[in-house]
Amino acid sequence: MHRTGELFGQYKTMEQQRETASLGMWIFLSTEVLFFGGMFMTYTLNRSTYPDIFSEASKTITLWLGAVNTIVLIASSLTMAMAVWSSQAGKKKLLTIFLIATLVLGCVFLGIKGVEYHQKYVEHHIPGWNYQFEANADVATNAHTQLFFSLYFAMTGLHALHMIVGAGLLIWLIKESMRGRFTPAYNTPVENIGLYWHFVDIVWIFLFPLLYLIDRH
Amino acid sequence: MPREHYLNATYGIRSWLLTTDHKRIALLYLVSVTFFFFVGGAFATMIRIHLLTPTGLLVTPETYNKLFTMHGVAMIFFFLIPSIPAVLGNFLLPIMIGAKDLAFPRINLLSWYIYLVGGGFVLYSFSTGGLDTGWTFYTPLSSVYSNSAVTPAVIGVFINGFSSILTGLNFIVTVHTMRAPGMTWFRLPLFVWAQYATSIIFILGTPVIAITLLLAGLERMFHLGFFNPALGGDPILFQHLFWFYSHPAVYIMILPAMGVISEIIPTFARKPIFGYSFIAGSSIAIAVIGFFVWAHHMFLTGQSTYSALAFSLLSYLVAIPSAVKVFNWTSTLYKGSISYDTPMLYALGFIGLFLIGGLTGLFLACLGLDIHIHDTYFVVAHFHYIMVGGAVMGYVGGLHFWWPKITGKLYPEALARIAAVVLFIGFNLTFFPQFLLGYLGMPRRYHSYPPEFQVLNVMSTAGASILALGYLLPMIYLTWSMRYGRVAGRNPWPATGLEWQTDSPPLTENFEVTPEVTWEPYDYENRPDLGLAIKGTPTLAHGDD
């Protein structure tokens, strides 16, 4: 493991190393936009084909759990931003505290998500697995609502996967932060993982209205 | 030969498998893409033998479907797409801009391992039932009806995509942040511009094919309905998402080859390249416009006439930057002092074949004509002119051009020239008859054909065997030259790029001191310091061999 702010051989200055890492992260996030973009496209097309079905299926998801999760995730973005600020300001203790807070909020999100998935399992709303929308739903309704839930699970599942990766990165950050590795001169990993975390939050900010808030007014 | 260089700096299998040196990773890629080239080539050989007779000579119809599918998957995803970027780009990009390595050397190694894992899944699919969906994986055939090993193939191509994404990311960041002092954007070699344009497609296109294949794979594994009309899904959506990547992927294959040609032409015409900034800009233009033409693969899907019209016009637009390149290469040749060394033969061959491939592309972009020749051998001939006549010619030409730099040895020139001509003749004999077959109405992907098409098919198969010889020859003499070739010296052609000012083979750090660039690119008129006037005399800077 490299010590605080070690310069890798291919770079000339720390400044160059920092810029390189940051640009790399931004480009990675742009690939992520396109990655999720394919699914948003699939969602958009299917919703415009089956607007009523999507509205009906969407109402079976528990709104308040999603709303709480949205707040939890926004709060985690705040603590992440505070963590980045702490590392820039050289407040090492505070950095560790904010990172742990972010990790805890992320885990709360995943836990609530797990509760929601379990509800869907109980309701036989898991696509391809004893799927039954309602007790007496006809074949077409079953097929088309199943499309909604396929998208629901694919989109939130991929998002959750990103959260899990983010949580893993946070654990590593917390470990390094407790060893006092990050200083105002060297905090690139905090900044970049922060960027990643914010990106994953933003994805949820789109997912929540698209999946939970159809025709709820 | 220099006493110490990247090949002998360290020894042992670990020093290769755990290397972060971009030059060694390039060689790892060279070996692995060559392997897949021969896998794909073996399938192609069987296809051509099968088509010797109208009823088919060799295999059952089901096996024939698998042959052309596996040929396509191996060649496109595991040879053509990584070939020039991951081999030549990896080796040259840092040296050309005067850097010690790529921006992220460990990610570079990771991308090779990802490629291997993806390739492993695909080989598993090939050897446990094969794949018969066509390389396009169209749904619902791939997601519901096919009885072949689709799932591992989809997983393999999905995983391999991340190898491309990481390579593209690495290249873009490297060009932005790792250039040597004085290496301004408009002093970059055109090969670097081409790699940069390619990388844009890597990072913006590849994620879309990844998610599309992921959805198709989930659909197959869990019987979902995203793209299955029986369950309310839309198979046309799959085609849109697929081609949103896979048409730009064509430019992933051809743009780097254009970069190679832009290096070779001025070197052997002894002239500055004509219209540097236009060639550089046209690479970016092709990458950008390439994202807005995908639905020309779908003129027969019943899409609206107006959107077809728009996509047809946008497809025509790609001809402009492509023509800019061809005209500029030709203008560079004008009044040049041309020598016909092996790389130049490939470059000239490239221009001719790309011209035919490009112009027939306009036929296919034309709405009315495309309905006649859609899914015929005309399309097969067209894209082989671009991909084999263009991309592979560029790749093999580039390998010859930089072989002295990569290995420090010269290959046998006379034999190499003969091989280049054999390749050119074999290629044209294989694929030109296919234009005629397609225009006469022979559909692609059929295992049999009406007897009147036999003469042209036999010609094509005969050409393919000459073509195979054209590929085997370089394979043999290039390998031979690594041990027995004459020592090349730093700058055997000689050429102006930074890569020619360091040792052959280069040091692990590429340069003893970071170079400072004070000259314009391709300045063949004002560089007496390189001994450019005395053409053909290798400058043995570190000649202790």
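Helices are DSSP runs of at least four residues, numbered from the N terminus. The views below show a predicted model.

**View 1. Chain A is built from six helices and zero strands.** Read from the N terminus on, the elements of chain A follow the order α-α-α-α-α-α. The C-alpha trace of chain A spans about 65 × 30 × 30 Å along its principal axes. Chain A has 217 residues, of which 37% count as buried. Among the contacts in chain A with a separation of 6 or more, 78% join residues 24 or more positions apart.

**View 2. Helix 3 of chain A packs against helix 4 (residues 92–122) of chain A.** The axes of the two helices lie 8 Å apart, and the packing angle is about 160°. Angles over 145 degrees count as roughly antiparallel, and helix 3 and helix 4 of chain A are therefore roughly antiparallel to each other. Their crossing is left-handed. The contact between these helices involves 18 nonpolar, seven polar and two charged residues.

**View 3. Ala75(A) lies in helix 3 (residues 63–89) of chain A.** Is Ala75(A) buried or exposed, or partly exposed? Ala75(A) is partly exposed, because 16 other C-beta atoms lie within 10 Å, whereas a buried residue needs 20 or more and an exposed one has 12 or fewer. Lys120(A) is 45 residues from Ala75(A) along the chain, and the C-alpha atoms of these two residues are separated by 26 Å.

**View 4. Chain B meets chain A through 32 residues of chain B and 28 residues of chain A.** On the side of chain B that touches chain A, the elements giving two or more residues are helix 6 (150–177), helix 7 (190–222) and helix 8 (235–269) of chain B. Which helix gives the largest share of this side of chain B? Helix 7 of chain B does, with 10 residues. Sorted by class, the side of chain B that touches chain A holds 22 nonpolar, seven polar and three charged residues.

**View 5. Helix 3 (residues 61–96) and helix 4 (residues 105–127) of chain B pack together at an angle of about 165°.** Their axes are 12 Å apart, and the angle makes helix 3 of chain B roughly antiparallel to helix 4 of chain B. The two helices of chain B pass each other in a left-handed crossing. Helix 3 of chain B contributes Met70(B), Val73(B), Phe78(B), Pro82(B) and Asn90(B) to the contact, while helix 4 of chain B contributes Asn108(B), Tyr115(B), Gly119(B), Val122(B) and Phe126(B). These residues divide into seven nonpolar, three polar and no charged.

**View 6. The loop between helix 4 and helix 5 of chain B contains Phe137(B) and Pro140(B).** Phe137(B) is not a glycine, although it has a positive phi of about 55°. Phe137(B) counts as buried, because it has 26 C-beta neighbours inside 10 Å. The peptide bond from Thr139(B) to Pro140(B) is cis, with omega near -5°.

**View 7. His223(B) is located in the loop between helix 7 and helix 8 of chain B.** His223(B) takes a positive phi of about 55° although it is not a glycine. With 17 C-beta neighbours inside 10 Å, His223(B) counts as partly exposed.

**View 8. Helix 14 of chain B comprises residues 413–440.** The 28 residues of helix 14 of chain B reach 41 Å from the first C-alpha to the last, close to the expected 40 Å. Just after this helix, Gly441(B) takes a positive phi of about 110°.

How values were computed. Residues numbered from 1 in each chain as written. Chains lettered and ligands numbered in written order. Predicted model: local features only at pLDDT ≥ 70, side-chain atom pairs only at ≥ 80, totals over all residues. Contact = placed C-beta atoms within 7 Å. Nonpolar A, V, L, I, M, F, W, Y, C, P; charged D, E, K, R; others polar. Axes fitted to C-alpha atoms, helices over the stretch in contact; angles between N-to-C directions. Parallel < 35°, antiparallel > 145°, perpendicular 65-115°, else oblique. Left-handed = near helix turned anticlockwise from the far one by under 90°. Expected span 1.5 Å × (residues − 1).
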